[in-house]
Amino acid sequence: MSVGKTCVAFLLCCAVFIEASPYSTDYTEALNANDKTQHKDCRSIMKAGYNVSGVYRLSLNGTNYNLPCEFKDGNAFTVILRRWSNSISFIQSWGAYESGFGHPQDNYWAGLAAIYVLTTQGNNNLQINMQDWSGNNQNAVYSQFYLENRNTRYRLHVGPYRGSLPDELSYNNNMPFSTIDAPDPYGCASNMKAGWWYNYCSYTLPTGIYYPNGWYTPSGSMYDGMFWKDWYGYNYSLKFMSMTLSN
């Protein structure tokens with residue numbers, strides 16, 4: 001059941017042709033639907049006087065997206081991932097992971113294209129919030145988070161870490177994004193099923209399968225739940241995970 005514990009730097013062994021995919025249409029009415037101003041992120045929304053967390057229309061490089069904003073303690077956060085039930089499968093194609101899927105008020109992935117633009121606009125603080133099945137909360141915060149463009153398969157970069165748990169995501173630093181149909185050389189995406197920035201393979205998997213009640217038996221040859229290794233190990237799938245960006 002090993003997911004690989006040795007950090008291995010590698011070059012992609014073969015080129016993968018990745019087709020473009022438009023952002024999934026979402027008909028949720030944005031809370032700023034009648035606002036003619038083009039807001040580039042949730043901080044811009046907050047500065048305009050909005051203070052209710054919810055879905056807002058953001059203009060990212062001229063393309064409109066309906067994305068969730070959370071306002072807390074004078075800060076604005078754009079939610080790029082939310083997991084709290086198994087209502088949406090995260091076993092998705094490259095096109096889905098690039099364009100986004102799910103519902104911005106529910107289980108949801110914003111899409112690599114949107115995340116990339118948000119990071120180029122200065123939203124480089126990544127916060128990962130987690131809750132176990134007993135109601136305990138933990139968090140992980142990374143500064144200098146950004147993605148390279150799609151020609152690199154949105155290669156991941158994370159900087160200094162602080163949080164209530166040991167750092168797990170830095171293991172994935174400098175890795176390209178992989179999915180079941182745009183796989184990594186070690187078969188991590190194929191065996192763990194989720195799209196992620198796999199090394200060999202990963203110490204955390206926020207996009208993993210949502211197994212109710214915590215402890216689980218993986219569906220295949222590798223642990224594939226929604227885990228943070230140094231909290232409960234690979235075979236405990238968390239109750240809640242979210243990823244947010246701020247500047």
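A disulfide is taken here as a pair of cysteine sulfur atoms within 2.5 Å.

## Basis of the report

The model is predicted: local features need pLDDT of at least 70, side-chain atom pairs count only at pLDDT 80 or more, and totals for chains, interfaces and linings use all residues. Residues are numbered from 1 along each chain as its sequence is written, and side-chain values use heavy atoms, with hydrogens and water left out.

## Disulfides

The structure has two disulfides, and with bonded cysteines counted along the chain they follow the pattern 1-2, 3-4. Helices (H or I, at least four residues) and strands (E, at least two) are DSSP runs, numbered from the N terminus. Buried means under 20% relative accessible area, exposed over 50%, and partly exposed in between, with a 1.4 Å probe and protein chains only.

Cys-42 and Cys-69 are both buried.

The sulfur atoms of Cys-188 and Cys-201 are also 2.0 Å apart and form a disulfide. Cys-188 belongs to helix α4 (residues 188-192) and Cys-201 to the loop between α4 and α5 (229-232), so the pair ties together parts 13 residues apart in sequence. The link of Cys-188 and Cys-201 is left-handed, with -80° about the S-S bond. Cys-188 and Cys-201 are buried.

## Strand pairing around β6

Two strands pair if DSSP finds at least two bridges between them. Strand β6 (residues 125-131) pairs with strand β11 (residues 240-246) in the antiparallel sense over seven bridges; Asn-125 has Ser-246 as its bridge partner in β11.

Strand β6 also runs antiparallel to strand β7 (residues 137-142), joined to it by six bridges. Here Leu-126 has Tyr-142 as its bridge partner in β7. β6 and β7 make a hairpin with five residues between them, and Gly-135 in the turn has a positive phi of about 90°.

## Largest pocket

On a 1 Å grid over the protein atoms alone, a pocket is an open set of points where a 1.4 Å probe fits, with protein on both sides within 12 Å along at least five of seven lines; lining residues have an atom within 4 Å of a point. The largest pocket holds about 390 Å³ of space, a volume being the space filled by probe spheres set on the points.

Its lining has 17 residues, with Lys-72, Asn-75, Phe-77, Gln-127 and Thr-244 nearest the centre. At least two lining residues come from each of β2, β3 (75-83), β6, β7 and β11, and β6 gives the most, with four.

## Salt bridges

A salt bridge is a side-chain nitrogen of Lys or Arg within 4 Å of a carboxyl oxygen of Asp or Glu. The structure holds three.

Arg-150 and Glu-98 form one, with their closest N and O atoms 2.8 Å apart. The two lie 52 residues apart, Arg-150 in the loop between β8 (146-147) and β9 (156-157) and Glu-98 in helix α2 (residues 94-99). Arg-150 is partly exposed at 32% relative accessibility, whereas Glu-98 is buried at 4%.

Asp-224 and Lys-193 form another, at 3.1 Å between the closest N and O atoms. Both are in the loop between α4 and α5, 31 residues apart, and both are buried. Asp-230 and Lys-229 also meet in a salt bridge, at 3.2 Å from N to O.
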